[in-house]
Amino acid sequence: MHNFEFVKPSSVADAVAALANGEAQPLSGGQTLIPSMKARLNAPEVLVSLTGIAEMQGVSRDGGALEIGAATPHATVAREAASHFPGLAGLAGQIGDPAVRARGTIGGSIANNDPSACYPAAALGTGATIVTDRREIAADDFFQGMFTTALDEGELITKVRFPIPGASAYAKFLQPASRFALTGVFVAKYASGVRVAVTGASEDGVFRWAEAEAALSSNFDAEAVAGLSVPANGMISDLHGTSEYRAHLVRVMTQRAVRAAS
Amino acid sequence: MPKVMMKVNGAEAAAEVEGRTLLSTYLRDLIGLTGTHVGCDTSQCGACVVLVDGQPVKSCTAFAADLEGAEVTTVEGMTNPDGSLSVIQQAFQDYHGLQCGFCTPGMVMSTAALLAENPKPSEEEIRHYLEGNICRCTGYQNIVRAVMAASGQDAGALAAE
Ligand SMILES: Cc1cc2nc3c(=O)[nH]c(=O)nc-3n(C[C@H](O)[C@H](O)[C@H](O)COP(=O)(O)OP(=O)(O)OC[C@H]3O[C@@H](n4cnc5c(N)ncnc54)[C@H](O)[C@@H]3O)c2cc1C
Ligand code: FES
Ligand code: FES
């Protein structure tokens, strides 16, 4: 790994100032960034640690919304969101393994937008708001394809705000070697309708399955999507599963998520 | 180079680090605690797991400079004060929860984290919790037995047998 200068600010303002230098990058839990720096896929000159910033930590309820500080580890969300938003807590508790959950954070996961990551499905599947140091971005605008987001250079996610659904669940078909989702589906039911977001399947990263949303909004039952399918074209194909297999899993995991939420 | 201080196994430790110095390097090369093993160095195998402020952490996937002031427990800190094996370590020995022993420091530390959170885990909970710890020798059966025994449960009755 190339060496770098390590800085650890204690406020968002100081972190943003440190990031203004174009060669600097934020370090949150490091569970993605450190392996990629070891592989020399990434070689920042300055790393700005977010782990000492109290205002980026924690889970708090604000009326009908749950706000999660961007530097909050997965294990904390699994524990502290459980009574407010069990679908989200369940998702956080299925990420990786206990050591990954102890360090890895929601902000890092969402900023990274890995096509097989779990949190993007919850953010898109709830219509969450990604709050940064300078603006608020709707999840529908935030995720822009594999490893691509609406974030500008030096922009920091400070928290994520989730509207709490009446019912929700995440169904993950595990890719047991990586521990990521081979295909995962987040389903959330609101008074205004149902949202369905799929991760792990598409070459364009996380996406909403509009047909399933329409069917489930009129009848929130796993059978409502039994006759639907997504085209295999554009689905990821690798040694773990063909694009046809993933397209099939999209429906199966949607049904499992609906059953778990019901 | 900045000096990073931690409390390791109850004792004050200090060493000069670079930005890129990993916690695993700090423990093994800078303060000489080689009980923590580095298997994959790519965050996959769990051999390097130690406890940081009570939480299991892959020491190959954390920078020492980020852990100033942390309380770290490694496998060297698991023995009883008189130097004898702790209940978890003794159970791994008694139930042959290791063969080559390479994965064992990580297994013992992950088990310590599990039992602190869930003192009497079921077989399924044990297998689920240890998913991030890979063992190339035992086939896991005897590791699960050892954890059952360490938590005061009947190690004889495993569903998978
Ligand atoms: C063995 C293993 C299994 C895993 N399994 C899963 C899984 O099942 N599901 C899953 O979803 N993930 C999984 N992960 C990934 C894990 O969840 C990571 O924690 C997560 O993807 C990145 O979060 P982090 O806090 O570690 O971020 P880091 O690694 O610190 O950062 C990742 C990227 O985001 C940037 N960044 C970090 N924080 C911010 C911020 N606040 N604002 C802007 N940019 C930021 C960084 O600069 C970097 O580019 C796994 C990882 C490992 C090692
Ligand atoms: S050496 Fe750290 S996870 Fe393998
Ligand atoms: S005992 Fe050899 S790897 Fe586990």
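# Close-up views

**View 1.** Ser36(A) is buried, with a relative accessibility of 15% (buried means under 20% relative accessible area, exposed over 50%, partly exposed in between; 1.4 Å probe, protein chains only). This is a predicted model: local features need pLDDT of at least 70, side-chain atom pairs count only at pLDDT 80 or more, and totals for chains, interfaces and linings use all residues. Ser36(A) sits in helix 2 of chain A (helices are DSSP runs of H or I with at least four residues, strands are runs of E with at least two, and both are numbered from the N terminus). Residues up to four places away in sequence aside, Ser36(A) touches Leu41(A) and Asn42(A) (contact means heavy atoms within 4.5 Å).

**View 2.** Met37(A) belongs to helix 2 of chain A, which spans residues 33-38. Met37(A) has a relative accessible area of 1%, so it is buried. Beyond its neighbours within four places in sequence, Met37(A) is in contact with Met1(A), Phe4(A), Asn42(A), Pro44(A) and Leu47(A), and with Phe63(B). His2(A) is 35 residues from Met37(A) along the chain, and their C-alpha atoms are 7.6 Å apart.

**View 3.** Ligand 1 has residues from chains A and B around it, so the two chains share the site. There are 34 residues around ligand 1 (a residue is near a molecule or strand if one of its heavy atoms lies within 4 Å of it). Pro26(A), Leu33(A), Thr105(A), Cys118(A) and Arg179(A) come nearest. The shell has 15 nonpolar, 15 polar and 4 charged residues (Ala, Val, Leu, Ile, Met, Phe, Trp, Tyr, Cys and Pro count as nonpolar; Asp, Glu, Lys and Arg as charged; the others, Gly among them, as polar). In chain A, strand 2 (24-27) and helix 6 (106-112) each supply at least two residues of this shell. Helix 6 of chain A gives the most, with 4 residues.

**View 4.** Ligand 1 has polar contacts with chain A, one of them to Pro26(A) (a polar contact is a pair of N or O atoms within 3.5 Å; within protein, one must be able to donate a hydrogen and the other to accept it, and residues adjacent in sequence count only if both atoms are side-chain atoms). A polar backbone atom of Pro26(A) is 2.6 Å from an oxygen atom of the ligand. For Gln31(A), a polar backbone atom is 2.8 Å from an oxygen atom of ligand 1. Lys172(A) uses a polar side-chain atom, 2.8 Å from an oxygen atom of the ligand. On its own, ligand 1 has 970 Å² of accessible area, and the protein covers 95% of it (Shrake-Rupley method, 1.4 Å probe; for residues, only the protein chains shown count as cover).

**View 5.** Phe85(A), Phe162(A), Tyr170(A) and Phe186(A) form a cluster linked by ring pairs. Rings of Phe, Tyr and Trp (its six-membered ring) pair if their centres lie within 6.5 Å; planes under 30 degrees apart count as stacked, over 60 as edge-to-face and the rest as tilted. By this rule, there are 6 aromatic pairs over all chains. Phe85(A) and Phe186(A) make an edge-to-face pair, because their ring centres are 6.3 Å apart and their planes stand at 75°. The pair joins distant parts of the chain, 101 residues apart: Phe85(A) is in the loop between helix 3 (74-80) and helix 4 (86-92) of chain A, and Phe186(A) is in strand 10 (residues 181-190) of chain A. Both Phe85(A) and Phe186(A) are buried.

**View 6.** Phe142(A) and Phe143(A) are an edge-to-face pair, because their ring centres are 5.0 Å apart and their planes are at 80°. Phe142(A) is buried at 0% relative accessibility. Phe143(A) is also buried, with a relative accessible area of 10%.

**View 7.** Phe147(A) is not a glycine, yet its phi is positive, near 55°. Phe147(A) lies in the loop between helix 8 (139-142) and strand 8 (157-163) of chain A. Its relative accessibility is 48%, so Phe147(A) counts as partly exposed.

**View 8.** Arg179(A) has a positive phi near 75°, in a residue other than glycine. Arg179(A) is placed in the loop between strand 9 (167-174) and strand 10 of chain A. With a relative accessible area of 12%, Arg179(A) is buried.

**View 9.** Val144(B) is part of helix 5 of chain B, residues 141-150. At 3% relative accessibility, Val144(B) is buried. Neighbours within four places in sequence aside, Val144(B) is in contact with Glu123(B), Ile126(B), Arg127(B) and Leu158(B).

How values were computed: Residues are numbered from 1 along each chain as its sequence is written. Chains are lettered from A and ligands numbered from 1 in the order in which they are written. Side-chain values use heavy atoms; hydrogens and water are left out.
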